[in-house]
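Please keep the sequence and the model at hand while reading.

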Amino acid sequence: MDSDRGGLLISAARPTDLQRRLAPAILLALVLGLTPVVPVARIPLVGTETFLPAYAAAVLVVELVTAVLLYALFVAQRGLAVLVLATGYLLTGLLVIPWALSFPGVFDALGIDMGLQSTAAIASLRRFAFPVAVIWYALIKDRTGPLPWSEPSAAALVAAVIIATLVLVGLITVVTTLGGHALPPLMRDARHVAALWSAVPATVLALYGVALLLLWRRGCSVLDLWLMVVVAILAIEIIFLSYVSGGIRLSIGWWVGRVLGLISASTVLVVLLTETTMLYARLARSVAAERRIREARISAMEALSATIAHEVSQPVAGMITNANAGLRWLDQGSVGQAEARAALERIVRDGHRAGEVVAGVRAMFQPGTRAREALDLNACIRDAMERCREEAKAHRVTVQFDLADGLVPVTGNQVQLEQVVSNLAMNAIEAMREQPAPGRRLSIRSRMVQDDMVQVAVEDTGPGLPAGQAEQSFLAFHTTKPDGMGMGLMFCRFVVECHGGRLWVERAEGDGARFLFTLPRFQEEASLPQEEGA
Amino acid sequence: MMEAETGCVLIVDDDLAMRESLESLFRSVGHGVLAFASAQAFLSEVLPQRPCCLVLDVRLPQMSGLEFQRELNRLRIQIPVVFITGHGDVPMSVAAMKAGAIEFLTKPFRDQDVLDAVHRGLTMDAARRQALIDLGALKDRCGQLTARERQVMALVVAGQANKQIAAALGLSEVTVKGHRAQVMRKMQASSLPDLVRFVDRLSSVD
């Protein structure tokens, strides 16, 4: 089950081909779309500080939500890598708060002025923190093994990490604000960077490069793929912020970089939400399918047990009544002796009949009938018909085979499926008793339908089923045969439905009946219902 | 008692084992038996002119036992019905009893239960037949009366005295006495209460 869970979660699922193509396409579109901006990138947009709080709020919310979802993923999956990544998102998200508050000219009205260097210092810390988290993530990602934490302790760990992060962000804020004069001189003035700043983007770009390389080498999950997109967009962002815009704050290039930052922050969130929704829909579908299968099986079981009960209780009731009658005849002395004898003979006959029913049930559920394997249905049909050959000969029935080449194998139990085919064939032979001998023809056909189903048809030239009795014949089969075993069709339908197939009857050309059943093709991990109840 | 013993049990059950065993059981206690494999076979047969009781399986091919019971009611074939079933449920038995069945037995049943039920059915049918026969005889007797005698009879059973009847019909009291004696003789009534009972029974049918 562990492998199953891993295979569905975003942190372990392999990306689809569509996602593999979509990721580079998005990057290419961004680069091409932004190229025209380059010549005008350095034009400053005076007064756009007012947009900054909105931008900061958006980044904050997006990164916090991403962090929460990743933490939830960690609690479910308990791989440390996801915890590191989530904390990376939390840290960069929280650092947006002091960054925006300290941004020169934005919150002047509130009397906040934390010094020239604070904003740049916080910004560069944010820059460094995220790629470091991604690199850490990529390095420990492949470590597998038993889950080291229970769910409650994983949740407690998350709480501890969050508190630690909050404390760290608090400390950073205090240090950068109070120790403003001790910070390295990154800014020349409120708009322009100092010479030292040039070291920041270069280092950050190098870190992005390392992160991309590690993700590329280790990357195989959906999350890895989109993290690569995130890092790539961040790289484009820093290029715009620091080089294209010449490091001029609030210029066109600078704002383009900011928008890129927002896109990059949202990427993982969008992927997480999309994957979650799709998973949820898939889950709902499979639960519904499972329920349908179970209900079909339950109703088949009920019908089967009712049929067995009826088939056994009928001769038993006959035996009891015969025995009572016999006793009464014996009471009448020699007069009733012949009658008593006849009653005893009927008891013997009915006892055998009840025994046959029980033996039939046992044959259906004998050890080995639960095994499911890949089967060649044509071979099954030939084996089953071999068993009916004597019967067909005795009734002077011609048997015609029309078996398709290249049938896909089906999943099933050979004993049971052969029983289904021979039951249907025996019924057909039985049904043609009243027909003139030259016209007695039994044809059996196999076909592929809908690419993944095999369909078998058993057709006779008998009188067919009376109108309106087609469905009834599956319930109370005993009605059409005076001495039959009665369970034939009910069994057939039960077995076929347990194999995930369907059995029904229709009117054949001419007058006879045509019984058809379909079975799904063999699948390695076929989720077929098993006999034992869920 | 005697008429019940010589009655005929009709069996409708598609199962050979049940049919044969029931037939033997009923014959062992002296009933006549006719067995049928389906409702259709039953309906195509002329029923014997003696007390009958029908033992009917609920589960039958084509027409179910309950449908068959409704069909009998529709055709006004009055015959007591004893249902037997392999798996009786309460709604089914309620429906059968409402439609007039006298018993609803689940297979396998005790022989005494089915014999008792059938005996009850035969007795009921015998009584019904006897009532029909008596009524026919009364009608015959009534048919022998003249129009004047019928008028006199109606007033007599209404409790009027000869003098009142004579006044009402414009006859002499002696003539009324003569008519009255004729009525008593033709109707084979030995007393006035007898005559009242006969007239009552006749009028309840009309």
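## Terms and model

A residue is called buried when its relative accessible area is under 20%, exposed when the value is over 50%, and partly exposed in between. The model described here is predicted.

## The two chains

Chain A has 534 residues, of which 48% count as buried. Its secondary structure consists of 14 helices and seven strands.

Chain B has 206 residues, and buried residues make up 45% of them. Ten helices and five strands are found in chain B. For contacts in chain B with a separation of 6 or more, residues 24 or more positions apart account for 62%. Chain B exposes about 10,300 Å², with 55% supplied by carbon and sulfur atoms.

## Helix packing in chain A

Two packed helices are described by the angle between their axes and the distance between the axes. In chain A, helix 7 (residues 199–218) packs against helix 8 at an angle of about 165°, and the two axes are 10 Å apart. Angles over 145 degrees count as roughly antiparallel, and helix 7 of chain A and helix 8 of chain A are therefore roughly antiparallel to each other. Their crossing is left-handed. On the side of helix 7 of chain A, the residues in contact include A:Leu205, A:Tyr208, A:Leu212 and A:Trp216. On the side of helix 8 of chain A, they include A:Met228, A:Val231, A:Ala235 and A:Ile239. The residues of this contact between helix 7 and helix 8 of chain A divide into 18 nonpolar, one polar and two charged.

Helix 8 of chain A, which spans residues 222–244, also meets helix 5 of chain A, which spans residues 116–140. The axes of these two helices come within 12 Å and cross at roughly 155°. That angle makes helix 5 of chain A roughly antiparallel to helix 8 of chain A. The crossing of helix 5 and helix 8 of chain A is left-handed. Helix 5 of chain A contributes A:Arg127, A:Phe130, A:Val134 and A:Tyr137 to the contact. Their partners in helix 8 of chain A include A:Leu223, A:Leu227, A:Val230, A:Glu237 and A:Leu241. In the contact of helix 5 with helix 8 of chain A, ten residues are nonpolar, none is polar and three are charged.

## Backbone features in chain B

Most residues other than glycine have a negative phi, and most peptide bonds are trans. Where does chain B contain a cis peptide bond? The bond from B:Lys107 to B:Pro108 is cis, with omega near -5°. B:Pro108 is found in the loop between strand 5 (103–106) and helix 6 (111–143) of chain B.

B:Arg76 is not a glycine, yet it has a positive phi of about 55°. This residue is placed in the loop between helix 4 (65–74) and strand 4 (81–85) of chain B. B:Arg76 counts as exposed because its relative accessibility is 72%. B:Gln188, likewise a residue other than glycine, has a positive phi near 55°. The loop that holds B:Gln188 lies between helix 9 (173–186) and helix 10 (192–205) of chain B. With a relative accessibility of 52%, B:Gln188 counts as exposed.

Is B:Val82 buried or exposed? The relative accessibility of B:Val82 is 0%, so the residue counts as buried. B:Val82 is part of strand 4 of chain B. Leaving aside residues up to four places away in sequence, B:Val82 touches several residues, including B:Leu54, B:Val55, B:Ile102, B:Leu105 and B:Val118. The C-alpha atoms of B:Val82 and B:Met97 are 9.5 Å apart, and the two residues are 15 apart in sequence.

B:Leu171 lies in the loop between helix 8 (162–169) and helix 9 of chain B. Its relative accessible area is 22%, so B:Leu171 counts as partly exposed. Not counting residues up to four places away in sequence, B:Leu171 touches B:Arg148, B:Ala166, B:Val176 and B:His179.

Key. Residues numbered from 1 in each chain as written. Chains lettered and ligands numbered in written order. Predicted model: local features only at pLDDT ≥ 70, side-chain atom pairs only at ≥ 80, totals over all residues. Heavy atoms only, no water. Axes fitted to C-alpha atoms, helices over the stretch in contact; angles between N-to-C directions. Helix = DSSP H or I, 4+ residues; strand = E, 2+ residues; numbered from the N terminus. Parallel < 35°, antiparallel > 145°, perpendicular 65-115°, else oblique. Left-handed = near helix turned anticlockwise from the far one by under 90°. Contact = heavy atoms within 4.5 Å. Nonpolar A, V, L, I, M, F, W, Y, C, P; charged D, E, K, R; others polar. Buried < 20%, exposed > 50% of the residue type's maximum accessible area, 1.4 Å probe, protein only. Areas by Shrake-Rupley, 256 points an atom, 1.4 Å probe, with all protein chains shown as cover.
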